[in-house]
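Hi,

Here is the structure I promised to send over.

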Amino acid sequence: MADQRPGQVQTHGSRTAELVAVSRARHLLRHQPPYIFHDPFAFRFLSRRWQRILGSWLRDAFISKVVLRRLMPITTQPLTRARFTEDCLLAAIENGVSQYVILGSGYDTFALRHPQLDLDIYEIDLASTIALKRERAEAAGLAFPDTLRLIPIDFEKDSLADRLTAHGFDPEKRSFFNWLGVTYYLSREAIRETLSHVAEIACPGSEIVFDYLAETDSIPEEQRSLAIRMRDYVGKLGEPMITSFDPAGVERDFNLGENWEVVRNDSPADQQKRYVEGRSDVYTLPPLFWCLNLSRQ
Ligand SMILES: C[S@@+](CC[C@H](N)C(=O)[O-])C[C@H]1O[C@@H](n2cnc3c(N)ncnc32)[C@H](O)[C@@H]1O
């Protein structure tokens, strides 16, 4: 897919961030334990409209079996990528990581789910998404822990290093960066720039996990129509997917250089095997998104 110009216009908070929260909330309401990803707070961050839909079997069946039927196969990936990332994070904390930075955090709820952890957490997102998240937390009576800082940024314009250090981030401490569900909405330059800003402020031993959209040539032909439907759908929500990568050439394509070593470049099949196999209640992961875990050298 040729890169296109970034075209997000958001005054209302990210719609795709809300859809990710819908996927996490729906997992607890409609699927069986053990859950791939257990997020008891996701439902409380949803709009009234989505709470009404998920709160009724009939409405939910209409949306999932009729309105969004042909898009439902993409609803498993937000669960597996979050599980993969938090598995990597918890292992990194055991190895001395003490700062957690969530880039394009949307309605991430890690800070609420793990208040006991001795971890400084930085959530970074567009100002409009952060404002709506604060509003919904307040309406739901949820108080964020003092260890959480919410920082507005536009990856296309602002310097991540400047924003983070201005809010108390310590470059000498080992850190873990989560960047889920974001890269495909950014230009290639902004992605490379953000990765190099992260390398600039992350000391050796720090890590990052993010997912990326596989370029069309590497998606099996019979699944390409799903990719097109997905891109049409999020494009209409005002958040077009504009950038994809070659899973066989990530070092070159992401311009990783000597700063980053690839720990894992997890394919959808790898994630399917680890988190989904044996379940009949969730959709098989389509071969669209890969997860990359990098370690700062
Ligand atoms: C699909 S959501 C993912 C949210 C969250 N990471 C998750 O997985 O639940 C994409 C997020 O990227 C943020 N985003 C998109 N473009 C951005 C930009 N240029 N700068 C900062 N954040 C951006 C959106 O506001 C939104 O919260």
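Predicted model: local features only at pLDDT ≥ 70, side-chain atom pairs only at ≥ 80, totals over all residues.

**What I found**

Residues are numbered from 1 along each chain as its sequence is written.

The C-alpha trace spans about 50 × 45 × 40 Å along its principal axes. You'll find eleven helices and seven strands in the chain, both taken as DSSP runs numbered from the N terminus (helices H or I, at least four residues; strands E, at least two).

Of the 297 residues, 39% count as buried. The cut-offs here: buried is 20 or more other C-beta atoms within 10 Å of a residue's own, exposed is 12 or fewer, and partly exposed is in between, with C-beta atoms placed from the backbone.

Now the inside. The largest nonpolar core has 60 residues, and Val101, Tyr122, Phe177 and Tyr212 touch the most other members. Helix 4 (residues 77-94) gives the most to this core, with six residues. By nonpolar core I mean a set of buried Ala, Val, Leu, Ile, Met, Phe, Trp, Tyr and Cys residues joined through C-beta atoms within 7 Å. Leaving aside neighbours within four places in sequence, Phe177 is in contact with Val101, Leu103, Val198, Ala202 and Ile208.

Then there's the ligand. Its shell has 23 residues, with Ser14, Ala17, Gly104, Gly106 and Gly181 coming nearest; a residue is near if its C-beta atom, placed from the backbone, lies within 6 Å. Helix 1 (residues 15-30) supplies the largest share of that shell, three residues. By class the shell holds eleven nonpolar, eight polar and four charged residues, where Ala, Val, Leu, Ile, Met, Phe, Trp, Tyr, Cys and Pro are nonpolar, Asp, Glu, Lys and Arg are charged, and the others, Gly among them, are polar.

Helix 11 (residues 268-276) has Pro268, Gln271 and Tyr275 buried. Down the axis of helix 11, its buried residues fall within an arc of 60 degrees, so they line one face of the helix; the arc is that of the directions from the helix axis to the C-beta atoms. They pack against helix 4, strand 6 (260-266) and strand 7 (289-296). Just after helix 11, Gly278 takes a positive phi of about 90 degrees.

Two backbone details to check. Most residues other than glycine have a negative phi, and most peptide bonds are trans. Pro33 and Pro34, however, are joined by a cis peptide bond with omega about 0 degrees, and Pro34 is found in the loop between helix 1 and helix 2 (48-54). Asn255 has a positive phi of about 55 degrees although it is not a glycine. The place of Asn255 is in the loop between helix 10 (250-253) and strand 6.

Cheers

Methods:
Contact = placed C-beta atoms within 7 Å.
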